[in-house]
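This report goes through one protein chain, starting with a single residue and ending with the chain as a whole. Keep the sequence and the 3D view open while reading.

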Amino acid sequence: MDRTAKPDEFISHETWYSSLMASVMLSSSTRTFFDTDQISDGSKSSDSIQIHNGTNSMLNDHILHVYDTVFHGFAAKLSEGEAMAIGSSPGVLAVFPDQVKHVHTTRTPAFLGLDVKGGLWPKSDFGSEVIVGILDTGIWPESRSFDDAGLGPIPSRWKGACEGTKDFPTNLCNRKIVGAQYFVRGNEALNGPINETIESRDTDGHGTHTASTVAGVYVENAGLFGYATGVAKGLAPKARIAAYKVCWSMGCFDSDILAGFDRAVSDGVDVISLSIGGEISSLDIDTIAIGAFGAMSHGI
């Protein structure tokens with residue numbers, strides 16, 4: 001969306017987006033039900049939603065995320081015709097489909113040219129007071145890599161939250177894991193509701209792996225089933241971690257990834273780390289490129 005195009009009668013960009021959605025959805029069809037409409041990625045919607053004169057419940061179901069930090073716009077569940085109508089509306093710069101990406105990983109110390117004896121690594125005091133936002137499959141907070149012993153108070157500039165769920169109470173955050181939030185509405189729009197009892201945690205292990213690689217503390221006698229024991233540590237063992245779960249059993253949806261980027265920057269992270277990728281696409285519709293560019297423009 002062109003954020004400068006918001007009409008003055010709307011008190012916020014979100015109310016503008018809601019009005020635009022209501023106008024397009026209610027005028028695009030006179031049908032009472034639309035349970036077989038195609039959503040924007042070409043697949044069939046599994047929902048059956050009744051349109052009443054009031055639009056609040058309908059909009060809550062169809063507006064998935066609103067972005068206002070790294071990107072201005074919103075994610076929505078639309079039929080193909082509705083997507084085309086939105087695209088021709090004033091103030092809309094582009095409409096593109098939600099795509100699924102998947103977790104990746106690689107080695108970084110050598111790639112970054114870090115040396116424990118000199119340069120950036122020791123001069124940064126191994127990440128002291130840095131807050132790293134990890135966009136991944138979540139985190140397993142009981143891991144010894146996330147012990148907060150010896151760490152001082154959480155930096156006062158931090159504005160994020162520890163979002164409690166059935167299987168992840170807020171007291172599992174500490175001075176090491178300063179935040180834990182999850183973004184799932186893009187995934188649920190296609191695959192249905194998640195099971196919060198089990199899926200709010202890192203059921204894959206990838207997010208815990210990448211978070212400990214980035215900022216795990218020193219762990220003595222670490223090993224694999226008794227083999228190769230030694231000291232395990234992350235690249236920045238003194239850094240804090242903010243975990244943003246954007247990946248689920250069915251993959252990482254662009255709309256959720258972008259929501260993670262948006263929240264991480266507004267929360268006050270210093271660095272964003274993600275090991276997620278997919279098919280190469282044009283940069284102007286690549287969510288990671290868009291989110292990373294927006295984050296960088298805020299000094300991240």
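N221 sits in strand β6; strands (E, at least two residues) and helices (H or I, at least four residues) are DSSP runs, numbered from the N terminus. Its phi is positive, about 55°, although N221 is not a glycine. N221 is exposed, with a relative accessible area of 64%. Buried stands for under 20% relative accessible area, exposed for over 50%, and partly exposed for what lies in between, with a 1.4 Å probe and protein chains only.

D125 also has a positive phi, near 55°, and is not a glycine. D125 lies in the loop between α5 (120-123) and β4, and D125 is partly exposed at 33%. Most residues other than glycine have a negative phi.

## How the model is to be read

The model is predicted: local features need pLDDT of at least 70, side-chain atom pairs count only at pLDDT 80 or more, and totals for chains, interfaces and linings use all residues. Residues are numbered from 1 along each chain as its sequence is written, and side-chain values use heavy atoms, with hydrogens and water left out.

The average pLDDT of the chain (the predictor's confidence in each residue, from 0 to 100) is 86, and 88% of the residues score at least 70. Confidence is highest in strand β4 (residues 131-136), with a mean of 98, and lowest in helix α2 (residues 56-62), with a mean of 62. Over residues 30-55, pLDDT stays under 50. Where pLDDT is low, the predicted coordinates should not be read in detail.

## The chain as a whole

The protein chain has ten helices and twelve strands. Of its 300 residues, 45% are buried. Contact means heavy atoms within 4.5 Å. Among the contacts with a separation of 6 or more, 72% are between residues 24 or more positions apart.

The chain exposes about 15500 Å², and carbon and sulfur atoms supply 54% of that area. Accessible areas come from the Shrake-Rupley method with a 1.4 Å probe; for residues, only the protein chains shown count as cover.

## Two buried aspartates

Is D202 buried or exposed? D202 is buried, with a relative accessible area of 5%, and its place is the loop between α7 (196-199) and α8 (206-215). Not counting residues up to four places away in sequence, D202 touches several residues, including W140 and K245. A polar atom of the D202 side chain lies 2.7 Å from the backbone nitrogen of G205, and one lies 3.4 Å from the backbone nitrogen of G207.

D254 is found in helix α9 (residues 254-267) and counts as buried at 4% relative accessibility. Leaving aside neighbours within four places in sequence, D254 is in contact with P97, D98, Q99, K101 and T287. The side chains of D254 and K101 are joined by a polar contact of 2.7 Å. A polar contact is a pair of N or O atoms within 3.5 Å; within protein, one must be able to donate a hydrogen and the other to accept it, and residues adjacent in sequence count only if both atoms are side-chain atoms.

## F225 at the surface

F225 is in the loop between β6 (219-224) and β7 (227-232) and is exposed, at 77% relative accessible area.
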